Amino acid sequence: MAFTLPDLPYPHDALVPYMGKETLELHHGKHHQAYVTNLNNLIAGTDLEGKSLEEICRLSFNDPAKVSIFNNAGQHWNHILFWKVMKRGGGGKPGGELLKRIEHDFGSFEAFTEQFKTAAVTQFGSGWAWLSLDGDRLKVTKTPNGENPLVHGMRPILGIDVWEHAYYLDYRNRRPDYVAAFLNHLVNWEAVEQELHNALA
Amino acid sequence: MRRRAVLAGLASLPVFAWQIRVEAQTGPYSLPPLPYPTNALEPHIDQRTMELHHGRHHQAYVTNLNNALKDHGEAAKLPLQDLLAKLGELPESIRTTVRNNGGGHANHAMFWEVMGPGGGRPSGELAAAIDRDFGGLDKLQEQFNAAGLRVFGSGWVFVTVDATGKLALVTRPNQDTPLMEGGRVLFGNDVWEHAYYLLYQNRRGDYLKAWWNVVNWQKVGERYAAAKAGKLSI
């Protein structure tokens with residue numbers, strides 16, 4: 001049972017002008033596809049073949065003999081979440097239990113966005129910034145390259161890709177503008193709330 | 001007319017300013033001018049990429065480095081290669097910032113210097129060292145390109161040179177550099193996506209192959225001679 005590239009939940013031009021059509025075509029069809037292809041090739045015939053993606057992430061993390069497996073498995077997992085938590089006309093503020101938890105754990109929604117922006121902008125080089133459920137608390141963290149909070153015992157419910165391939169065609173070196181556009185116009189808070197409920201269940 | 005002539009003269013100044021050696025530089029650090037116009041490496045590296053890479057990315061490393069050091073006068077007096085070799089002695093509060101931005105400054109200053117529009121091939125002692133340590137230029141390029149493809153995420157591929165002239169191939173993540181272990185870099189290629197994404201998108205392998213067309217082998221030969229004389233800095 002090889003891993004497969006999930007379809008995007010929207011057309012390639014759905015996130016224009018905040019994320020360009022060419023960016024999404026390359027990011028999904030080339031970068032994410034390459035992670036899936038590499039992962040399948042790397043685990044074929046090994047003891048990891050047939051295991052779930054999350055198990056592969058956890059089992060290969062920090063294993064010097066499985067660095068490439070981890071990189072590609074992590075990136076496959078990370079991108080699956082990334083496509084889900086964006087939509088056309090997204091951004092703004094969440095509601096319901098998610099907002100209540102954000103306000104409780106960060107003090108306010110604005111305090112959360114400040115932490116999230118700082119994490120995304122200060123991740124040096126390739127990586128991700130996250131909102132995760134850590135036990136019963138929401139937490140903002142950042143990780144390099146293909147790493148994710150799963151391998152640190154947390155459950156990510158929102159992630160932003162800050163590899164340059166995620167924003168260079170649209171924003172060039174201006175990562176802060178990309179992060180602001182993601183929060184203001186792209187985040188699918190209903191999907192993030194669904195991820196929260198999955199994480200709590 | 002006269003004013004225009006003066007302005008034209010000023011505009012051409014940066015072309016020659018590279019002759020001021022970056023090696024003696026201590027803080028506050030400054031962005032070295034490109035030794036060629038931003039379109040000189042076309043079609044292998046496009047003008048837009050060069051403008052952003054030099055004027056935005058490299059400038060940001062220099063600015064951030066100076067900001068981190070502004071209250072640390074003693075460290076800021078060090079030549080860059082010494083600063084990077086002594087990261088462990090810096091206060092923890094600025095260590096990571098200096099590592100990332102000082103490394104970024106050194107790597108890019110080297111990068112601009114070892115490129116040029118000329119092409120050519122290694123000659124003399126440098127060619128002999130490449131033959132001895134890699135089995136020839138073709139083999140070096142093959143190993144270098146493969147190493148560049150293996151860097152996961154942001155980073156660099158370097159050929160290092162020691163005081164005896166021995167060459168070795170290494171990679172480093174992000175803006176780390178062999179200078180941080182007291183080593184010396186003969187030349188290197190930037191495989192951060194910002195170095196190639198506008199022109200090559202996800203095709204890093206194509207960028208790595210094309211890059212050899214803009215290596216300035218004469219400059220690399222000068223760096224090789226300087227390394228053997230103990231005079232190569234960054």
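This is a predicted model: local features need pLDDT of at least 70, side-chain atom pairs count only at pLDDT 80 or more; totals for chains, interfaces and linings use all residues.
Residues are numbered from 1 along each chain as its sequence is written, with chains lettered from A and ligands numbered from 1 in the order in which they are written. Local features need pLDDT of at least 70 and side-chain atom pairs count only at pLDDT 80 or more, while totals for chains, interfaces and linings use all residues, and side-chain values use heavy atoms, with hydrogens and water left out.

Let's begin with chain B. Chain B has ten helices and three strands, where helices (H or I, at least four residues) and strands (E, at least two) are DSSP runs numbered from the N terminus. Read along the sequence, the pattern is α-α-α-α-α-α-α-β-β-β-α-α-α. Of the 234 residues in chain B, 50% are buried; buried means under 20% relative accessible area, exposed over 50%, and partly exposed in between (1.4 Å probe, protein chains only). Take contacts (heavy atoms within 4.5 Å) in chain B between residues at least 6 apart in sequence: 71% of them join residues at least 24 apart.

Ala68(B) is 30 residues from Val98(B) in sequence, yet their C-alpha atoms are 6.8 Å apart in space.

Side chains of opposite charge can pair when their charged atoms come close. Here Arg223(B) pairs with Glu113(B), with the closest N and O atoms 3.0 Å apart. The pair links distant parts of the chain, Arg223(B) in helix H10 (residues 217–228) and Glu113(B) in helix H5, 110 residues apart. Both Arg223(B) and Glu113(B) are buried.

Lys219(B) is buried at 7% relative accessible area, whereas Glu222(B) is partly exposed at 38%.

Now for the meeting of the chains. On the chain B side, 18 residues are in contact with 19 residues of chain A. The area buried between them is about 1800 Å², with carbon and sulfur atoms giving 61%; buried area is the accessible area (1.4 Å probe) that two parts lose on being put together, summed over both. Phe152(B), Glu193(B) and Tyr197(B) supply 38% of what chain B buries against chain A, more than any other three residues. There are zero salt bridges between the chains, but six residue pairs are in polar contact, both residues at pLDDT 80 or more. A polar contact is a pair of N or O atoms within 3.5 Å; within protein, one must be able to donate a hydrogen and the other to accept it, and residues adjacent in sequence count only if both atoms are side-chain atoms.

Chain A is divided into domain 1 (21–84) and domain 2 (96–200), with bounds that come from an automatic or database domain assignment. The two domain centres, taken over C-alpha atoms, are 20 Å apart. Across their interface, 20 residues of domain 1 are in contact with 26 of domain 2, and the domains bury about 1800 Å² between them. Two salt bridges cross this interface, along with ten residue pairs in polar contact, both at pLDDT 80 or more. H3(A) gives the largest share of the domain 1 side, ten residues.

Finally, find His27(A) in helix H1 (residues 21–43) of chain A. His27(A) is buried, with a relative accessible area of 0%, and its side chain makes a polar contact with the side chain of His165(A) at 3.3 Å. Leaving aside neighbours within four places in sequence, the residues in contact with His27(A) include His79(A), Phe82(A), Trp83(A) and Asp161(A).

Definitions and conventions. A salt bridge is a side-chain nitrogen of Lys or Arg within 4 Å of a carboxyl oxygen of Asp or Glu.
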